[in-house]
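Hello,

Here is the structure I promised to pass on. Please have a look at it first, and then read on for what turned up.

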Amino acid sequence: MTYDTDNIFAKILRGEIPCVKVHEDDDTLAFMDVMPQAPGHLLVIPKTGSRNILDADPQVLAKTITVVQKLAVAAKEAFDADGVYVAQFNEPAAGQTVFHLHFHIVPRKEGEQMKPHSGAMADVEMLKGHAEKIKAALG
């Protein structure tokens, strides 16, 4: 399979679709998931296109996972979470629906169920507030 330059994350990177940004550097972009499974659910993507971890350049992957770690720590602190769920899916059989490498970071509290990752989009103002909490925890 080849990388589709018209996937939703590629469009976000080109500025064709808005997002609530949490972090951006030369290599990565992090933004709030529009259908959060828990408060603080965000996504981290490399700016270099690849379908998933199976075809990613190892150097791109190394830069991306470093940002994932940094944001996981910040999200855990920002939402006073007991833990952090980090997920990454590869191909349809594994649950991948957007074919641009991405990592989900979901702060988790003991005993709270995650919401399904489908349905209506969350309120943008709420997502902006969550992004600000994570940015504040980044320092």
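This is a predicted model: local features need pLDDT of at least 70, side-chain atom pairs count only at pLDDT 80 or more; totals for chains, interfaces and linings use all residues.

**The aromatic pair**

Searching the whole structure turns up one aromatic pair. Its members are Phe9 and Phe31, with ring centres 5.6 Å apart and planes at 70°; since planes over 60 degrees apart count as edge-to-face, that is what this pair is. Phe9 sits in helix H1 (residues 8–13) and Phe31 in strand E2 (residues 28–32), so the pair ties together parts that are 22 residues apart in sequence.

**The overall fold**

Along the sequence they follow the pattern α-β-β-β-α-β-β-α.

How does the radius of gyration fit with a compact globule? For 139 residues, such a globule would have a value near 14 Å, and the protein has 14 Å, so the two agree. The C-alpha trace spans about 40 × 30 × 25 Å along its principal axes.

Contacts across the sequence are worth a look as well. Taking those between residues at least 6 apart in sequence, 65% join residues that are at least 24 apart.

**Surface and charge**

Of the 139 residues, 42% are buried. The accessible surface comes to about 7,600 Å², and carbon and sulfur atoms account for 54% of that. As for charge, there are 14 positive and 19 negative side chains, and the centres of these two sets lie 2 Å apart.

Which residues is Leu101 in contact with, once neighbours within four places in sequence are left aside? The list includes Val44, Ile45 and Pro46, then Ser50, Arg51, Asn52 and Ile53, and also Ala56, Leu61 and Gln88. For a sense of distance, the C-alpha atoms of Leu101 and Val67 are separated by 14 Å, and these two residues are 34 residues apart along the chain.

Happy browsing, and write back with any questions.

Best wishes

Conventions:
Residues are numbered from 1 along each chain as its sequence is written. Side-chain values use heavy atoms; hydrogens and water are left out. Helices (H or I, at least four residues) and strands (E, at least two) are DSSP runs, numbered from the N terminus. The radius of gyration is taken over C-alpha atoms; the globule rule is 2.2 Å times the number of residues to the power 0.38. Buried means under 20% relative accessible area, exposed over 50%, partly exposed in between (1.4 Å probe, protein chains only). Contact means heavy atoms within 4.5 Å. Accessible areas come from the Shrake-Rupley method with a 1.4 Å probe; for residues, only the protein chains shown count as cover. Lys and Arg count as positive and Asp and Glu as negative; His and the chain ends are not counted. The place of a charge is taken as NZ of Lys, CZ of Arg, CG of Asp or CD of Glu. Rings of Phe, Tyr and Trp (its six-membered ring) pair if their centres lie within 6.5 Å; planes under 30 degrees apart count as stacked, over 60 as edge-to-face and the rest as tilted.
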